[in-house]
Amino acid sequence: MKEFWETFKNGIWRENPLLVIILGLCPTLAVSGTANDAFGMSLALMFVLVLSNVFISMIRNIVNNQIRIPIFIIVISTFVTVIDLSMQAYQPELYKSLGVFVPLIVVNCIILGRAEAYAYKNAVLNSLADGLGMSIGYMLIITFIGTVREILGNGTLTLFNYQFFNLGENYQPMLIMILPPGAFLTFGFLIAFKKWLEKG
């Protein structure tokens, strides 16, 4: 059980997929304009990453090594199809807001990377811990980026389709924060902050 928790914690901080491994940047920068979109994207990625990690670990002993990558992609695309159709049916506004980035989860480097680097070589329980830790690490960072960008760029904070606050008409929004440079700036400051914490 100790190995389970160590693997779980690695994904959240020590090997965070965004701040340390620096994978999956395209959807992170594109859909983190609001906290609600960022959180929704992280839930979709969590669904696919955890289930594909577990399934690939279960079949790792019967998969021919030479055709493992096509099989990984079939497994991942199956779970992406499930979440894609589910979001269309039950969260149509969020699905519309995330756009093409939901089906593009199938080529997200975090998921294929964890399948190849971890799930294919480890037992089911540890692969589950890896999927959960990496997903939660991704969720924390992308939701934080979305929160900062939305507050500074719009003067609002909306999560679960509920508006927590609105700074009102007198607030002068920082337009750059809802544009791509705002995502890069926030992401860069987060990486620098993590390095500063670890150095100190």
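So, start with helix 4 against helix 6: on the helix 4 side you've got Arg68, Ile69, Phe72, Ile73 and Ile76, and they meet Ile111, Leu112, Ala115 and Glu116 of helix 6. Sort that contact by class and you get seven nonpolar residues, two charged and no polar ones. Before I go on, keep in mind that this is a predicted model.

What about the geometry of that pair? The axes of helix 4 and helix 6, residues 109–117, are 11 Å apart, and the packing angle is about 130 degrees. Helix 4 and helix 6 are therefore oblique to each other. As for handedness, helix 4 goes past helix 6 in a right-handed crossing.

Now stay on helix 6 and look at helix 3. Here the axes are 10 Å apart, with an angle of about 20 degrees, so helix 3 counts as roughly parallel to helix 6. Helix 3 puts in Leu45, Val48, Leu49, Ser52, Asn53 and Ile56, and helix 6 answers with Ile110, Ile111, Arg114 and Ala115. That contact comes to seven nonpolar, two polar and one charged. The crossing of helix 3 and helix 6 is right-handed.

Next pair: helix 7, residues 124–154, and helix 8, residues 180–199. Their axes come within 10 Å and cross at roughly 125 degrees, so helix 7 is oblique to helix 8. Right-handed is the word for this crossing of helix 7 and helix 8 too. From helix 7, look for Ile141, Phe144, Ile145, Val148 and Arg149; the residues they meet in helix 8 are Pro180, Gly182, Ala183, Thr186, Phe187 and Leu190. By class, helix 7 with helix 8 gives eight nonpolar, two polar and one charged.

The largest pocket has a volume of about 200 Å³. Which elements give two or more residues to its lining? Those are helix 3, 35–59, and helix 4, 68–90. Helix 3 gives the most, with five residues. If you want to click through the lining, it's Asn36, Phe39, Gly40, Leu43, Ala44, Ile83, Met87, Gln91, Leu94, Phe160 and Asn161. And how does that lining split by class? Seven nonpolar, four polar and no charged residues.

That's my bit, over to you.

Notes: Residues numbered from 1 in each chain as written. Predicted model: local features only at pLDDT ≥ 70, side-chain atom pairs only at ≥ 80, totals over all residues. Heavy atoms only, no water. 1 Å grid on protein atoms, 1.4 Å probe; cavity = no way out; pocket = protein on both sides within 12 Å on 5 of 7 lines; lining within 4 Å. Points joined across faces, edges and corners; volume = space filled by probe spheres on them. Helix = DSSP H or I, 4+ residues; strand = E, 2+ residues; numbered from the N terminus. Nonpolar A, V, L, I, M, F, W, Y, C, P; charged D, E, K, R; others polar. Axes fitted to C-alpha atoms, helices over the stretch in contact; angles between N-to-C directions. Parallel < 35°, antiparallel > 145°, perpendicular 65-115°, else oblique. Left-handed = near helix turned anticlockwise from the far one by under 90°. Contact = heavy atoms within 4.5 Å.
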